Amino acid sequence: MRKAIFPGSFDPITLGHEDIIKRSISLFDEIVIAIGINAEKKYMFPLEERKRFIEETFKNEPKVSVITYEGLTIDLCHKIKADFILRGLRNPADFEFEKAIAHTNRRLSKIETVFLLTAASTSYISSSIVRDVIRNGGQYEMLVPDAVRVNDLYL
């Protein structure tokens, strides 16, 4: 069985994330979307809401599940018996950053990282851009799955 985890903060999930996950469904038997918890980071959306956004987005896809975790991603891989880490690449800067992490993970374990390029139509979208659009009252809906809807609490 080919099991992959797709780690991230998903604050919030974007159409780019959704594209990577949908395209990876044919590559793996199971995809675990793993929301990392970092006490040092300040999030716009609470953990449970980020999890709900993703669960709602993939509610009709049995190969996709969502969990939360703390610690090293490779430790999570060993814990849930995943042999692959899935990552999306938007640009050369993403590649350089992710390459260093992938080499480190490969050195510390036998976990392979699989990179997918984002679709050209979503390559400009990042969670930080989405948060900025939301904070400033812009039209964010075209950047995120339908499950991601915010109220005035975030404005």
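A: Let us begin with burial: a residue is called buried when its relative accessible area is under 20%, exposed when this is over 50%, and partly exposed in between. The model shown here is a predicted one. By this rule Asp19 is buried, because its relative accessibility is 17%.

Q: Is Arg23 buried, exposed or partly exposed?
A: Arg23 is partly exposed, because its relative accessibility is 35%.

Q: How should I read a salt bridge, and with which residue does Arg23 form one?
A: The general idea is that side chains of opposite charge can pair when their charged atoms come close. In this structure Arg23 forms a salt bridge with Asp19, and the closest N and O atoms are 2.7 Å apart. Both residues belong to helix H1, where Arg23 and Asp19 are four residues apart, about one turn of the helix.

Q: Which residue meets Lys51 in a salt bridge?
A: The side chain of Lys51 meets that of Glu55, with an N to O distance of 3.1 Å. Lys51 and Glu55 are both in helix H2 and are four residues apart, about one turn of the helix. Lys51 counts as buried because its relative accessible area is 18%. Glu55, at 38% relative accessibility, is partly exposed.

Q: Which parts of the chain are linked by the salt bridge of Glu98 and Arg87?
A: The side chains of Glu98 and Arg87 form a salt bridge at 2.8 Å, N to O. This pair links distant parts of the chain, with Glu98 in helix H4 (residues 92-108) and Arg87 in strand E4, eleven residues apart. Glu98 and Arg87 are both buried. A search of the whole structure finds twelve salt bridges.

Q: How should I read a nonpolar core, and how many residues does the largest one have?
A: In soluble globular proteins, nonpolar side chains tend to be buried together. Here the largest nonpolar core has 29 residues, and Ile13, Ile33 and Ile54 have the most contacts inside it. At least two residues of this core come from each of strand E1 (3-8), helix H1 (15-24), E2, H2, strand E3 (64-69), strand E4 (84-89) and helix H5 (127-135). E2 gives the largest share, three residues.

Q: Which residues is Ile13 in contact with, leaving aside its neighbours within four places in sequence?
A: Ile13 is in contact with Glu18, Ile21, Phe53, Ile54, Phe58, Val144, Pro145 and Val148, when those neighbours are left aside.

Q: Where is Ser9 placed?
A: Ser9 is in the loop between E1 and H1. With a relative accessible area of 18%, Ser9 is buried. Leaving aside its neighbours within four places in sequence, Ser9 is in contact with Ile35, Lys41, Tyr43 and Arg50.

Q: Which side chain makes a polar contact with the side chain of Lys41?
A: The side chain of Ser9 does, at 3.3 Å. Lys41 is in the loop between strand E2 (30-36) and helix H2 (47-57). Lys41 counts as partly exposed because its relative accessible area is 40%.

Q: In which helix does Thr73 lie?
A: Thr73 lies in helix H3 (residues 73-80). At 19% relative accessibility, Thr73 is buried. Its side chain makes a polar contact with the side chain of Tyr69 (2.7 Å). Thr73 also touches Ile5, Pro7 and Ile85, not counting residues up to four places away in sequence.

Q: Is Asn60 buried or exposed?
A: Asn60 is exposed, because its relative accessibility is 70%. The place of Asn60 is the loop between H2 and E3.

Methods:
Residues numbered from 1 in each chain as written. Predicted model: local features only at pLDDT ≥ 70, side-chain atom pairs only at ≥ 80, totals over all residues. Heavy atoms only, no water. Buried < 20%, exposed > 50% of the residue type's maximum accessible area, 1.4 Å probe, protein only. Polar contact = N/O pair within 3.5 Å; in protein donor to acceptor, adjacent residues only side chain to side chain. Contact = heavy atoms within 4.5 Å. Core = buried A, V, L, I, M, F, W, Y, C linked by side-chain atoms within 4.5 Å. Salt bridge = Lys/Arg side-chain N within 4 Å of Asp/Glu carboxyl O.
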